[in-house]
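I opened a new notebook page for this one.

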Amino acid sequence: MGEFADHTFRGTVAVSLKWLSNHSFSYERREKQKCLIQISRYRFSLVISSLTKILQNVNEMVPCIGGQRIFHSTDQDRHCYESIIIILDTLEKCLANQPKDTAKFDEAMNIKFLLKEICQFIDVPNDSSQNAHLKNLASKVLFALSLNFFNAVFNRISSRLQELAKCGDENVDYSDIELIQHINVDVCKLIKLLNETIQKFKQLKKSAHIVLMNSLEKAIWNWMDTYSHEFTDLQKNPNEDLGKACEELFDILDTFADNKKGRAAAVWPLQIML
């Protein structure tokens with residue numbers, strides 16, 4: 001089974017290195033992708049680790065300037081771009097097809113490695129159609145990943161908040177905090193994020209505050225869109241833990257705004273959501 005999965009996967013990547021306008025190539029790619037998705041239900045670690053390694057290899061082939069990918073009009077760059085699209089799309093479908101609560105140690109390690117690779121596509125400016133498209137695909141992968149492996153993403157966010165509490169404002173990387181905007185959160189996960197923010201907010205610098213507030217606002221919107229039934233149920237049956245977290249964070253934001261003029265406009269959007 002392992003050899004078959006590896007062969008199927010490598011065939012999928014090989015197809016991506018050709019022009020996709022030919023219908024036979026597109027059909028072959030779709031069929032191989034379906035095979036991989038089905039195999040991933042039974043050999044999840046094997047498929048995810050293979051996809052992640054090849055994503056890393058292809059990504060390293062793309063020229064970078066200042067840490068940002070630059071896709072030129074060469075055949076190699078075009079092939080790399082198409083390969084990354086296929087790999088990200090396959091990753092999303094494999095993750096979405098995974099039964100809930102099945103994480104084992106080897107799977108957790110593979111997910112941690114995958115998360116590191118995916119974050120490189122999230123932390124890019126939308127300065128080109130290629131980068132914008134890859135960022136959108138990576139966001140979908142992260143959304144699917146966080147459904148069943150939320151703790152892996154949460155731990156990365158929590159660790160980064162802890163690091164930010166100890167460093168200055170200059171040359172700081174906030175990309176891990178911005179992951180909050182892309183993850184799948186139900187009401188329980190939202191409460192966990194809010195409580196983590198309550199614990200860490202006062203320790204952060206101003207620039208980190210802005211990023212965190214914007215990301216939380218987006219996360220709440222995502223929750224309302226994805227789990228609209230939970231939001232509707234709350235109108236009839238309030239959640240005590242959610243209410244408490246929202247009140248505490250609201251008061252913290254009030255204090256933050258009162259400490260300096262001009263901050264009120266920055267906190268209002270999140271306070272309204274709370």
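**Helix pairs**

I started with helix α3 (residues 44–61) and helix α4 (residues 75–96), which pack at an angle of about 155 degrees with their axes 10 Å apart. That makes α3 roughly antiparallel to α4. For my own reference, angles under 35 degrees count as roughly parallel, over 145 as roughly antiparallel, 65 to 115 as roughly perpendicular and the rest as oblique. The axes are lines fitted to C-alpha atoms, for helices over the stretch in contact, and the angles run from 0 to 180 degrees between N-to-C directions. Helices (H or I, at least four residues) and strands (E, at least two) are DSSP runs, numbered from the N terminus.

Before going on, I noted that this is a predicted model, where local features need pLDDT of at least 70 and side-chain atom pairs count only at pLDDT 80 or more, while totals for chains, interfaces and linings use all residues. Residues are numbered from 1 along each chain as its sequence is written, and side-chain values use heavy atoms, with hydrogens and water left out.

Which way do α3 and α4 cross, left-handed or right-handed? The crossing of α3 and α4 is left-handed (the near helix is turned anticlockwise from the far one by less than a right angle; clockwise would be right-handed). I then looked up who touches whom, with contact meaning heavy atoms within 4.5 Å. On the α3 side I found F44, I48, L51 and L55 among the residues that meet α4, whose own list includes C80, I84, L88 and L95. By class, this contact of α3 with α4 has 15 nonpolar, 4 polar and no charged residues. The classes go like this: Ala, Val, Leu, Ile, Met, Phe, Trp, Tyr, Cys and Pro count as nonpolar, Asp, Glu, Lys and Arg as charged, and the others, Gly among them, as polar.

Next came α9 (residues 187–200) and α10 (residues 206–226), at about 165 degrees with axes 11 Å apart. α9 and α10 are therefore roughly antiparallel to each other, and their crossing is left-handed. V187, L190, L193, L194 and T197 in α9 meet L212, L216, I220 and W223 in α10.

Then I checked α7 (residues 150–164) against α9: the axes come within 11 Å and cross at roughly 10 degrees. So α7 and α9 are roughly parallel to each other, with a right-handed crossing. The contact involves F150, N151, F154, S158, L161 and Q162 of α7, and K189, K192, L193, E196 and K200 of α9. For the contact of α7 with α9, the classes come to 4 nonpolar, 3 polar and 4 charged residues.

**Single residues and totals**

How many disulfides does the structure hold? I found 0 disulfides, a disulfide being a pair of cysteine sulfur atoms within 2.5 Å. C119 is buried at 8% relative accessible area, while C188 is exposed at 57% (buried means under 20%, exposed over 50%, partly exposed in between, with a 1.4 Å probe and protein chains only).

K53 sits in helix α3 and is partly exposed at 48%. The C-alpha atoms of K53 and E117 are separated by 9.2 Å, though the two residues are 64 residues apart along the chain.

For the whole protein, I wrote down 13 helices and 2 strands, with 47% of the 274 residues buried.
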